[in-house]
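Have the model open alongside while you read.

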Amino acid sequence: MPLSMLPPGKKAVVVDIIGGEGIRRRLIDMGIVRGVEILVVKNDVGPLIVGVGEMRFALGFGMAQKILVEEL
């Protein structure tokens with residue numbers, strides 16, 4: 001399922017990233033790669049706030065749609 005569908009407080013594992021080299025490179029630079037655990041901090045109006053380890057990132061809805069995850 002896309003990351004954008006998870007409610008706040010849920011953890012998931014990234015299983016795939018759909019998109020071209022540009023978006024993949026941007027997500028890799030943030031540490032969002034296949035197999036990493038990700039926490040949804042905020043998912044309402046505006047960008048999603050996600051946690052990867054100790055870091056927090058804001059992702060637009062379109063980018064979050066391209067990150068496929070499996071809920072833990």
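Going along the sequence, the protein reads β-α-β-β-β-α-β. That makes two helices and five strands, where helices (H or I, at least four residues) and strands (E, at least two) are DSSP runs numbered from the N terminus. The radius of gyration is 11 Å, close to the 11 Å that the globule rule gives for 72 residues, so the protein is as compact as a globular protein of that length. For the record, that radius is taken over C-alpha atoms, and the globule rule is 2.2 Å times the number of residues to the power 0.38.

A word on provenance: this is a predicted model, so local features need pLDDT of at least 70 and side-chain atom pairs count only at pLDDT 80 or more, while totals for chains, interfaces and linings use all residues. Residues are numbered from 1 along each chain as its sequence is written, and side-chain values use heavy atoms, with hydrogens and water left out.

Some overall numbers next. Along the principal axes, the C-alpha atoms fill a box of roughly 30 × 25 × 25 Å. Of the 72 residues, 35% count as buried; buried means under 20% relative accessible area, exposed over 50%, and partly exposed in between (1.4 Å probe, protein chains only). The protein exposes about 4,100 Å², and carbon and sulfur atoms supply 59% of that area (Shrake-Rupley method, 1.4 Å probe). If you take the contacts with a separation of 6 or more, residues 24 or more positions apart account for 63% of them, a contact being heavy atoms within 4.5 Å.

Now for the strands. β1 (residues 11–17) pairs with β2 (residues 37–42) in the antiparallel sense, over three bridges; pairing here takes at least two DSSP bridges between two strands. Within that pair, Val13 has Glu37 in β2 as its bridge partner. On to the next pairing: β2 and β3 (residues 48–52) also run antiparallel, joined by three bridges, and Leu39 finds its bridge partner in Gly51 of β3. What sits between β2 and β3 in their hairpin? There are five residues, and Gly46 in that turn has a positive phi of about 95°.

Then there are the charges. Side chains of opposite charge can pair when their charged atoms come close. The structure holds five salt bridges, each defined as a side-chain nitrogen of Lys or Arg within 4 Å of a carboxyl oxygen of Asp or Glu. Among them are these:

| Pair | N to O distance | Relative accessible area |
|---|---|---|
| Lys10 and Glu71 | 3.3 Å | Lys10 34%, Glu71 34% |
| Glu21 and Arg25 | 3.9 Å | Glu21 54%, Arg25 42% |
| Lys42 and Asp44 | 3.0 Å | Lys42 27%, Asp44 51% |

The salt bridge between Lys10 and Glu71 links distant parts of the chain: Lys10 is in the segment before β1, Glu71 is in strand β5 (residues 67–71), and they are 61 residues apart. Lys10 counts as partly exposed, and Glu71 is partly exposed too.

Glu21 is exposed, whereas Arg25 is partly exposed.
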